[in-house]
Amino acid sequence: MQAQERDGKQAIDLYRDELRRTIQNVHNLIFKYKRGEDGSFIFTLSEGKLARDFGLTTESIGQKKLQEILLTCNEEKILPLYERAYAGQIVEYEASIGDRIFTTTLAPITDSGDVVEVVGSLTEITERKQMERELKETEELYRSLVEDTLVGVYIAYVNEPGFVYVNPHMADMFGYTQEELMKLGMDEVILPVETADEKTNSHENTSHSMRYPFRGLRKDGSTVELEVLQKTTVYKGLPAVIGILLDVTERKQAEEMLRKSEMLSIIGQLAAGVAHEIRNPLTSLEGFLHLLQSRYEDKPKYYDIMLSELNRIEHIVSEFLVLAKPHNVVFNLHDIRPMLEQIILLAETHAIMHDVQIVTKYDADLPPVRCEENQLKQVFLNLLKNAIEAMPDGGEVHVEVEREDNVVVVRFRDHGCGIPEDRLPKLGEPFFTTKEKGTGLGLMVSYKIINSLGGKITVKSKEREGSTFEVRLPVV
């Protein structure tokens with residue numbers, strides 16, 4: 001019997017030694033505490049690698065009060081947590097010692113329903129916290145790059161409709177909220193252009209990346225010129241595309257202005273080389289035609305037609321010279337109203353011939369504008385004549401002048417045949433005209449004059465309802 005007791009005691013001692021070695025070699029810090037006779041907490045166990053690192057082994061702090069060990073920590077905040085654990089709750093908290101961060105778990109040990117001890121485990125989480133901080137910084141950087149960028153960004157699955165993600169700027173491009181746009185498919189916001197139809201209507205392109213232009217359809221029905229750079233990828237295990245959208249509307253407009261500018265330059269060079277050479281034979285032809293008309297009067301209709309056509313050629317050549325001839329223009333301040341009244345007086349006869357009445361409306365106290373008077377009169381006369389001639393069946397042409405902030409707006413409004421929508425962007429280009437016998441040079445010269453004044457000509461038109469030309473001039 002004694003031998004059995006001795007063997008049992010040896011086994012228990014071996015078990016305790018093994019348990020102690022295990023606890024001593026764990027990477028964390030394992031500790032226990034209980035309430036002393038004076039009501040304070042005292043440590044009964046403290047082992048593990050961290051215990052040795054901080055000099056907090058059982059040998060060094062055993063039976064010491066908790067407050068003595070927590071001097072390096074925020075005792076006022078931590079001590080109540082130890083009270084809660086001793087009251088029967090499992091408690092977890094984080095604390096720092098220097099630049100190292102630790103998490104502690106406190107679990108009560110009960111006997112017959114009463115807490116007799118609390119066992120705690122302290123684990124270092126410095127590296128994990130550093131990784132979390134770096135991940136958060138990366139997420140913030142991503143959010144800044146994607147959410148706040150000035151280009152549109154989207155993700156879409158290849159084989160499923162709608163978008164997985166769109167950034168705020170892309171939603172703004174199309175006039176939707178992010179939630180509204182994500183419910184739409186790519187096909188619902190794209191108007192294919194030229195050869196990009198197949199690319200824009202399908203994500204099933206096998207190439208890794210592609211770049212193409214397209215016209216976007218906004219929520220309000222307007223369009224926006226866009227360019228997409230799209231790349232195939234895998235998102236959450238499914239084939240997808242990620243794309244970047246650039247708004248190239250202003251670039252397209254700049255390219256169009258450059259194209260028109262180059263056309264003007266070519267016409268100017270052509271005019272400089274040809275206009276004077278044309279005028280010399282025209283003068284001779286006109287002189288001999290008058291001589292023939294005075295001697296042979298049997299065909300007066302033919303002479304009238306030939307003289308009319310020669311005058312038409314002379315008019316075209318004169319408009320060429322306006323473009324070609326370099327000249328210094330002196331801008332001065334002039335009142336709009338007197339200029340318009342003179343132009344309307346000149347156009348009255350032309351209006352009567354077309355059974356058209358000119359109705360005027362002027363704002364009071366209109367400010368002067370800086371211009372060259374004869375040039376601006378030329379623009380007004382050209383636009384007024386166009387409005388009159390757009391009404392072959394007669395009617396009213398309205399000429400209105402008003403001030404909008406720092407701009408004077410001169411408006412010529414007719415109720416004529418109107419201009420087809422697809423032709424509006426070409427107005428002002430040389431030799432483009434909606435008139436049967438027009439050349440397009442008059443409107444081109446008008447655009448050039450207004451642009452030189454820092455102004456702008458805009459056109460609103462609808463077929464069979466009429467057109468409105470607005471001249472917007474800055475106020476100095």
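Asp405 is exposed, its relative accessible area being 70%; exposed means over 50%, buried under 20% and partly exposed in between, with a 1.4 Å probe and protein chains only. Asp405 sits in the loop between β15 (395–404) and β16 (407–413), where helices (H or I, at least four residues) and strands (E, at least two) are DSSP runs numbered from the N terminus. The phi of Asp405 is positive, near 55 degrees, and Asp405 is not a glycine. Most residues other than glycine have a negative phi.

Ser112 also has a positive phi, of about 60 degrees, without being a glycine. Ser112 belongs to the loop between β4 (100–111) and β5 (114–124). With 72% relative accessibility, Ser112 counts as exposed.

## Model and overall content

The model is predicted: local features need pLDDT of at least 70, side-chain atom pairs count only at pLDDT 80 or more, and totals for chains, interfaces and linings use all residues. Residues are numbered from 1 along each chain as its sequence is written, and side-chain values use heavy atoms, with hydrogens and water left out.

The protein chain holds 14 helices and 18 strands. Of its 476 residues, 36% are buried. Contact means heavy atoms within 4.5 Å; among contacts between residues at least 6 apart in sequence, 52% join residues at least 24 apart.

## Packing of α12 and α13

Helix α12 (residues 336–353) packs against helix α13 (residues 373–389) at an angle of about 40 degrees, and their axes are 9 Å apart. Axes are lines fitted to C-alpha atoms, for helices over the stretch in contact, and angles run from 0 to 180 degrees between N-to-C directions. That angle makes α12 oblique to α13; under 35 degrees counts as roughly parallel, over 145 as roughly antiparallel, 65 to 115 as roughly perpendicular and the rest as oblique.

On the α12 side the contact includes Ile336, Met339, Leu340, Ile343 and Ala347. On the α13 side, Leu376, Phe380, Leu381, Leu384 and Ile388 are among the residues met. By class, the contact of α12 with α13 has 12 nonpolar, two polar and four charged residues. Ala, Val, Leu, Ile, Met, Phe, Trp, Tyr, Cys and Pro count as nonpolar, Asp, Glu, Lys and Arg as charged, and the others, Gly among them, as polar.

## Aromatic pairs

Rings of Phe, Tyr and Trp (its six-membered ring) pair if their centres lie within 6.5 Å; planes under 30 degrees apart count as stacked, over 60 as edge-to-face and the rest as tilted. By this rule there are 12 aromatic pairs. Phe31 and Phe43 form an edge-to-face pair, 5.8 Å centre to centre with 70 degrees between the planes. Phe31 lies in strand β1 (residues 29–35) and Phe43 in strand β2 (residues 41–47), so the pair ties together parts 12 residues apart in sequence. Both Phe31 and Phe43 are buried.

The ring centres of Phe41 and Tyr86 are 5.2 Å apart and the planes are at 40 degrees, so this pair is tilted. Phe41 in strand β2 and Tyr86 in helix α5 (residues 75–86) are 45 residues apart, and the pair links distant parts of the chain. Phe41 and Tyr86 are buried too. One aromatic cluster is formed by Phe31, Tyr33, Phe41, Phe43, Tyr82, Tyr86 and Tyr93.
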